[in-house]
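Biologist: I would like to learn how to read a structure like this one, feature by feature. Could you give me the general idea each time and then the case in hand?

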Amino acid sequence: MKSIIAYFNKPLLKVSLIFGLITGVLVFAFFLGLYAMDIVPFGNNKILDFGIHIILIAGACWYYRKYVGNGFLHLWEALTIGYVVNTIGALIAGWLMYFFVTYGDPSVFTDYLAEMKALMLEGKAELVKNIGEAEFSKMYNGVGSMKRSEIIMDEVSKKTVMAIIPILVISLIFRKQDYGVFHNKS
């Protein structure tokens with residue numbers, strides 16, 4: 001048991017997990033804010049929550065560089081922080097949303113599915129032209145059979161794909177290494 005505790009006692013992991021937890025809670029608060037304004041809090045309306053991920057990834061890199069790395073941050077540390085914060089934030093937000101649509105207000109999920117079907121029917125001509133009638137029917141029926149539990153993995157997969165470039169950019173911005181070991185001090 002002590003080895004497990006010692007593993008999670010590393011500053012790189014602790015900072016990332018704490019910022020990931022904060023990210024997940026803030027994304028869920030954004031979700032609840034959309035819900036309170038009677039906006040379907042899924043789909044295109046929810047995509048703005050990715051800004052929270054970006055801000056907190058940058059904040060975690062800054063914090064680690066300033067307080068843990070004593071002004072230094074290697075690229076691999078920044079990448080690790082970015083991906084852990086993003087993944088933990090998406091997992092926590094996904095689970096909180098799942099619990100909300102399962103136990104809080106299930107109509108949010110059914111409204112989302114109805115909105116998706118309406119959008120698909122609205123653009124049916126263009127979709128059929130691009131992918132064909134059979135594929136459109138398969139996609140349309142797939143939306144109707146979507147389960148609430150898919151919210152979690154949908155959140156994680158979308159945030160992972162969306163985060164690749166921002167995490168690289170943030171990592172490059174905040175990286176600062178000590179190059180003194182390469183200089184000849186004789």
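Modeller: Let us begin with accessibility, where buried means under 20% relative accessible area, exposed means over 50%, and partly exposed lies in between, computed with a 1.4 Å probe on protein chains only. By that scale Tyr 67, at 49% relative accessibility, counts as partly exposed, and Tyr 63, at 33%, is partly exposed as well. This is a predicted model, in which local features need pLDDT of at least 70 and side-chain atom pairs count only at pLDDT 80 or more, whereas totals for chains, interfaces and linings use all residues. Residues are numbered from 1 along each chain as its sequence is written, and side-chain values use heavy atoms, with hydrogens and water left out.

Biologist: Which residues does the UniProt annotation "transmembrane region" cover?

Modeller: UniProt positions are given in the numbering used here, with feature names shortened, and annotations may be inferred rather than shown by experiment. The unreviewed entry places "transmembrane region" at residues 12-35, 47-64, 76-101 and 156-174. To compare that record with the model, we take helices (H or I, at least four residues) and strands (E, at least two) as DSSP runs, numbered from the N terminus. Residues 12-35 are 100% helix and 0% strand, and the end C-alpha atoms of this span lie 35 Å apart. For residues 47-64 the figures are 83% helix and 0% strand, with 27 Å between the end C-alpha atoms.

Biologist: How many aromatic pairs does a search of the whole structure find?

Modeller: Rings of Phe, Tyr and Trp (its six-membered ring) pair if their centres lie within 6.5 Å; planes under 30 degrees apart count as stacked, over 60 as edge-to-face and the rest as tilted. The search of the whole structure finds 15 such pairs. One of them joins Tyr 63 and Tyr 67, a tilted pair with 5.0 Å from centre to centre and 40 degrees between the planes. These two residues are separated by about one helical turn, because they stand four residues apart in helix H3 (residues 50-68). The rings of Phe 136 and Tyr 140, by contrast, count as stacked, because their planes are at 25 degrees, with the centres 6.0 Å apart. Phe 136 and Tyr 140 are likewise four residues apart, in helix H7 (residues 133-144), and so about one helical turn separates them. Phe 136 is buried, at 3% relative accessibility.

Biologist: Which residue lies over the face of Tyr 140?

Modeller: A charge sits over a ring if NZ of Lys or CZ of Arg is within 6 Å of the ring centre and within 35 degrees of the ring normal. Here Lys 117 lies over the face of Tyr 140, at 5.1 Å from the ring centre.

Biologist: At what angle do H3 and helix H8 pack?

Modeller: Two packed helices are described by the angle between their axes and the distance between the axes. The axes are lines fitted to C-alpha atoms, for helices over the stretch in contact, and angles run from 0 to 180 degrees between N-to-C directions. H3 and H8 (residues 150-174) pack at about 35 degrees, with their axes 10 Å apart. Contact means heavy atoms within 4.5 Å, and among the H3 residues that meet H8 are Phe 50, His 53 and Ile 57, while the H8 side includes Lys 159, Ala 163 and Ile 167.

Biologist: Which residues is Asn 86 in contact with, leaving aside its neighbours within four places in sequence?

Modeller: Asn 86 lies in helix H4 and is buried, at 1% relative accessibility. Beyond those neighbours, Asn 86 is in contact with Phe 50, His 53, Ile 57, Lys 159, Thr 160, Ala 163 and Ile 167.

Biologist: What is the phi of Asp 38, and where does Asp 38 lie?

Modeller: Most residues other than glycine have a negative phi, and most peptide bonds are trans. Asp 38 has a positive phi of about 60 degrees although it is not a glycine, and Asp 38 lies in the loop between helix H2 (11-36) and H3. Its relative accessible area of 74% makes Asp 38 exposed. Asn 70, found in the loop between H3 and helix H4 (75-104), also has a positive phi, near 50 degrees, and at 62% relative accessibility Asn 70 counts as exposed.
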